[in-house]
Amino acid sequence: MNPERPPSYAESLSFLLTQVGGRSAQLFAERLAPLGLSPRAFGVLSNLASEPGQTQQQLADALGIHRNNMVGLIDEMEAAGWVRRERSVTDRRAFNLHLTRTGTGLVARVGKVIPALDQELGSAIGKSDRQTFIRVLRELAAALELAPGVHPYLRTGSR
């Protein structure tokens with residue numbers, strides 16, 4: 001690439017990040033499908049695993065999901081046996097959310113899928129380059145003020 005001329009679209013940082021990110025998201029969704037889980041549902045479950053007892057509103061705010069969409073999503077996850085609601089002892093209008101044993105097991109199963117996917121995605125680069133790449137991606141995410149562990153996909157209406 002000639003440093004004096006702007007990179008073509010196909011060589012631009014924005015395009016390459018979205019191209020690799022899109023493929024990574026596709027592969028992740030494919031790995032979750034046999035578990036009966038969408039990436040969006042996993043985002044909710046993993047957030048609850050790291051911060052159990054959040055209210056639906058707290059979880060919706062943390063993930064940037066509209067509260068009406070969150071209610072429907074939690075309804076589905078409760079029906080699947082992954083999440084349980086408990087009436088808040090401090091606010092009788094609110095529900096605290098907790099993973100069930102099944103939900104906790106599901107998060108653990110996905111935790112075993114991720115290293116293999118990471119290996120597949122990073123197979124073209126060495127371990128040192130992979131660590132550097134992860135560090136640079138973290139720096140970019142921080143500079144863009146992205147919340148750690150919250151994928152922008154969660155904000156969309158897709159389940």
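In this predicted model, the axes of helices H2 and H4 cross at roughly 90° and come within 11 Å of each other. The two helices are therefore roughly perpendicular.

**Contact of H2 with H4**

- On the H2 side, the residues involved are Arg 40, Ala 41, Val 44 and Leu 45, which meet Asn 69, Leu 73, Ile 74 and Met 77 in H4.
- By class, this contact comprises six nonpolar residues, one polar residue and one charged residue.

**Contact of H2 with H5**

- H2 contributes Phe 42, Leu 45, Ser 46 and Ala 49 to the contact, while H5 contributes Leu 106, Val 107, Val 110 and Ile 114.
- The residues of the contact of H2 with H5 comprise seven nonpolar, one polar and no charged.

**Nonpolar core**

- The largest nonpolar core has 27 residues, and those with the most contacts inside it are Leu 37, Val 44, Leu 45, Met 77 and Val 83.
- At least two residues of this core come from each of H1, H2, helix H3 (56-63), helix H4 (67-79), strand S2 (95-99) and H5.
- Leu 37 touches Leu 32, Phe 42, Leu 45, Trp 82, Leu 106 and Val 110, when residues up to four places away in sequence are not counted.

**Aromatic pairs**

- Two aromatic pairs are present in the structure.
- In the pair of Tyr 9 and Phe 15, the ring centres are 4.6 Å apart and the planes stand at 50°, so the pair is tilted.
- Tyr 9 has a relative accessible area of 60% and is therefore exposed.
- In the pair of Phe 28 and Phe 42, the ring centres are 5.8 Å apart and the planes stand at 70°, so this pair is edge-to-face.

Terms used: Residues numbered from 1 in each chain as written. Predicted model: local features only at pLDDT ≥ 70, side-chain atom pairs only at ≥ 80, totals over all residues. Heavy atoms only, no water. Contact = heavy atoms within 4.5 Å. Helix = DSSP H or I, 4+ residues; strand = E, 2+ residues; numbered from the N terminus. Nonpolar A, V, L, I, M, F, W, Y, C, P; charged D, E, K, R; others polar. Phe/Tyr/Trp six-rings, centres within 6.5 Å; stacked < 30°, edge-to-face > 60°. Buried < 20%, exposed > 50% of the residue type's maximum accessible area, 1.4 Å probe, protein only. Core = buried A, V, L, I, M, F, W, Y, C linked by side-chain atoms within 4.5 Å. Axes fitted to C-alpha atoms, helices over the stretch in contact; angles between N-to-C directions. Parallel < 35°, antiparallel > 145°, perpendicular 65-115°, else oblique.
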